[in-house]
Amino acid sequence: MGKSSTAKDAQALFHSLRSAYAATPTTLKIIDLYVLYAVSTALIQVGYMAIVGSFPFNSFLSGVLSCAGTAVLAVCLRIQVNKENKEFKDLPPERAFADFVLCNLVLHLVIMNFLG
Amino acid sequence: MAASETAKDSALRHAFGNVLSFFILVLIGVLAFSIRLFSVIKYESVIHEFDPYFNYRVTQFLTKNGIYDFWNWFDDRTWYPLGRVIGGTVYPGLTLTAGTLWWILNSLNIPLSVETVCVFTAPIFSSIAAWATYLLTKEVKGTGAGLTAAALLAMVPSYISRSVAGSYDNEAVAIFALIFTFYLYIKTLNTGSLFYATLNSIAYFYMVCSWGGYTFIINLIPMHVLLCIVTGRYSSRLYIAYAPLVVLGTLLASLVPVVGFNAVLTSEHFASFLVFIIIHVVALAYHIKGMLSPSMFKVAVTLVVSVGLVICCAVVAVLVALVASSPTKGWSGRSLSLLDPTYASKYIPIIASVSEHQPPTWPSYFMDINVLAFLVPAGIIACFLPLSDASSFVVLYIVTSVYFSGVMVRLMLVLAPAACIMSGIALSEAFAVFTRSIKFQLPSLSGDSQVDAGNSDSGSAATTQTEAVKADKIEESAKERPSRKNKKKEKETVEKPSVKSRIEKRLLVLPLESSVIALLLLVLLGAFYVVHCVWAAAEAYSAPSIVLTSHSHDGLHVFDDFREAYAWLSHNTEVDDKVASWWDYGYQTTAMANRTVIVDNNTWNNTHIATVGTAMSSPEKAAWEIFDSLDVKYVLVVFGGLVGYPSDDINKFLWMVRIGGGVFPHIKEPDYLRDGQYRIDSQATPTMLNCLMYKLSYYRFVETDGKAFDRVRQTEIGKKHFKLTHFEEVFTTHHWMVRIYKLKPPKNRIRGKTKKSKS
């Protein structure tokens, strides 16, 4: 009895999540896709390291942290561009994107240096 | 009409306030610079102490050979025969900063020598640190508090002690980097701008380059984020302030060779990763909460908690196993000694022997931060009215720095900026209350203020006279965007805020006479603080410790023995000769005498130091053999018995015994003590009277006054007439403070016992 209700609850939860997410604007969905791509790349790199070993550790570190870094920065961009977010009502989305690009530039400069 | 006039008036007052703040800041910078010049005036423009000499030598190398050679430098003139990888074991921030400064000045054709630039780096960066304190406190409480905090920091004795002109050490630039990093973090937290988050990471990188104390930042900020989450103050600005800093900061920290992979492998950084995971979980939770209806959200929570708990336990178990497998649980010795103050004395005698690592005495708090010690609690209370993210951060900063300053006296330096910020806030709030009380009770001015309060739209927010009152209302503009919304709201509800503000102001008004007296007393308090700071800077913290002075009835005596000895070494020995001394003098010997040393102040190899300690504690023949195996030609000891210099090698001798005994068990400390007491007079043990340190210190000492009276130990020595068999004295300085001996070459023939060779 309890188990089926949990299963039903899980299904209902899944449906409501899906419908709520379908309502988000396309720009935010693109950013979410980018975050997903970055995180999956990081996971692939970790898997590769588990198989092959971590010898040039700085390369591994810079690879994983670059994926994590762009994911985090994309999430920050999403926060700032999201129209439902009242704290950033006065921030023009171009400014948010410019900050995003600048931070990514710094991140990748460091990555290039650390990659070895 | 009235509104536009008030707007013009307020703009004028605003501009006047800005210009005044600018001039005050310039004066604060000049003050911070000039109060640190006492040592240059009283002695000369010379580099102080021990560690700065190493930094000076590294800077000389950098300016002469360029940055690539510096980055790859392997130093073979120290820790003979091991050498030291300077590029990989030094925090490059200070030397790169001074080198850049020198290079810029020289390219502008201002020919300052490297030594001058090194000597004056610390005062320059103290001025800049005072300005950074202004910026930080302005973000927390407002301009008035900022100016007060900056003025306090310019003079606080604890910071002066490590940044006088000549004290060319890491803290000179690191404290500026610390305050600036905190300022950028608070600014990002207040504005939510990714641009400031990038700047924050770059400032954190500068901090990692400069000082090992950067671990304080990378643990304090996660603690603050956790505090905000737990007290329900999570916002997306917190995420923007923290998450990029962790990723970018870890990467930038790994770039610095001395940190390298420690940035991800040691326990000092795990807190930041843990909070990184936590903030992602919290962010996701808030996001989903915003998307779903409340009932659905409850279902989601129960589902996630049950599944997540299992995964969490598994991950935590793996982590604990990993960490527990290392003997120190992944922490470095120095960090462990901060968490457990008794750790160093039990396991690592070298860390315990450094005087800077001892806990401070109670009077040293009053000496080092003076009046601020009792303004800090007032500041903490002021931070709670009202509590914002920024003020909770400063409260956390002061609490943690008070704890750490109690563990190690060297960390009083980290307490100083926090104390100045808190005291600045307290003083500014106090001044605000008193001046407001006076203003609203003087009959001529009260008419104006009534009109001001009556002006509906921005009456409670902007158009007030003094900066102090403005500082009081900064709480409303703590978040920039919502404050604009507030002002728009106030235009609608005209009556309520002005009436409320009038009532508020009435409540906080004190009687006129007490306000005036209280203002005078506060100014007097500031005067006492200034007098104490100038006295401390002039008398207590300006001694270069390489030149000593004493006042006697026939004038000023100058003891320049150290430089005399190093100059003798550099002129009278071969370039490749090795000099053995206790590790305190290693940096000075390589920098000033330019000779290879066996051990120096870096103390990275305990066994090597124990070897030298054992040699100093052994009888002459054994010591000669140890030194000969290390290719040593000259031995240098510091002796203060003739003039009463208390920091000489005989006073440090027990540490040599302890450290040597820690590695070579045949050196036992009780052998050198008579009934548990350390003596060098006639009651001393034979082991003590025969050891090399005793002999090298007191050789021919009886010739000075016939009775061999040691002024430091205040007794006559035990063994007065003896000859040296394996060493010969080559130089003793004018006041007998530094004595240099040469190893005698082995005899050609060994009389008596002949060794039969095995054929």
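A salt bridge here is a side-chain nitrogen of Lys or Arg within 4 Å of a carboxyl oxygen of Asp or Glu. Keep that rule in mind for the first stop.

This is a predicted model, in which local features need pLDDT of at least 70, side-chain atom pairs count only at pLDDT 80 or more, and totals for chains, interfaces and linings use all residues. Residues are numbered from 1 along each chain as its sequence is written, chains are lettered from A and ligands numbered from 1 in the order in which they are written, and side-chain values use heavy atoms, with hydrogens and water left out.

**Stop 1: the A–B interface**

Select A:Glu87 and B:Arg237. They form a salt bridge, with the closest N and O atoms 3.6 Å apart. The rule finds one salt bridge across the interface of chain A and chain B. Two residue pairs are in polar contact across this interface, both at pLDDT 80 or more. (A polar contact is a pair of N or O atoms within 3.5 Å; within protein, one must be able to donate a hydrogen and the other to accept it, and residues adjacent in sequence count only if both atoms are side-chain atoms.)

Now colour the elements of chain A that give two or more residues to the side touching chain B: α1 (2-22), α3 (57-81) and α4 (93-115). Helices (H or I, at least four residues) and strands (E, at least two) are DSSP runs, numbered from the N terminus. The largest share, 14 residues, comes from α3(A). By class, this side of chain A has 24 nonpolar, eight polar and six charged residues. Ala, Val, Leu, Ile, Met, Phe, Trp, Tyr, Cys and Pro count as nonpolar, Asp, Glu, Lys and Arg as charged, and the others, Gly among them, as polar.

Next, show both faces. 38 residues of chain A are in contact (heavy atoms within 4.5 Å) with 34 residues of chain B. The two chains bury about 3300 Å² between them, 80% of it on carbon and sulfur atoms. Buried area is the accessible area (1.4 Å probe) that two parts lose on being put together, summed over both.

**Stop 2: helices of chain A**

Select A:Arg95 and A:Asp99. Their side chains meet in a salt bridge (3.4 Å, N to O). The two residues are separated by about one helical turn, because they are four residues apart in helix α4 of chain A.

Then select 97-115 of chain A. This span is 100% helix and 0% strand, with its end C-alpha atoms 26 Å apart. Residues 57-77 of chain A are also 100% helix and 0% strand, and their end C-alpha atoms lie 30 Å apart. An unreviewed UniProt entry annotates 33-51, 57-77 and 97-115 of chain A as "transmembrane region"; UniProt positions are given in the numbering used here, feature names are shortened, and annotations may be inferred rather than shown by experiment.

**Stop 3: strands of chain B**

Select β3 (548-552) and β4 (555-559) of chain B. Five bridges join these strands, which run antiparallel. They form a hairpin with two residues between them. B:Ser552 stands opposite B:Gly555.

Move to the open sheet of five strands, ordered β6-β5-β7-β13-β12 (chain B), with mixed pairing. Strands pair if DSSP finds at least two bridges between them. The edge strands are β6 (596-597) and β12 (727-732) of chain B.

**Stop 4: backbone details**

Select B:Tyr80 and B:Pro81. A cis peptide bond joins them, with omega about 0°. B:Pro81 lies in the loop between β1 (74-75) and β2 (84-85) of chain B.
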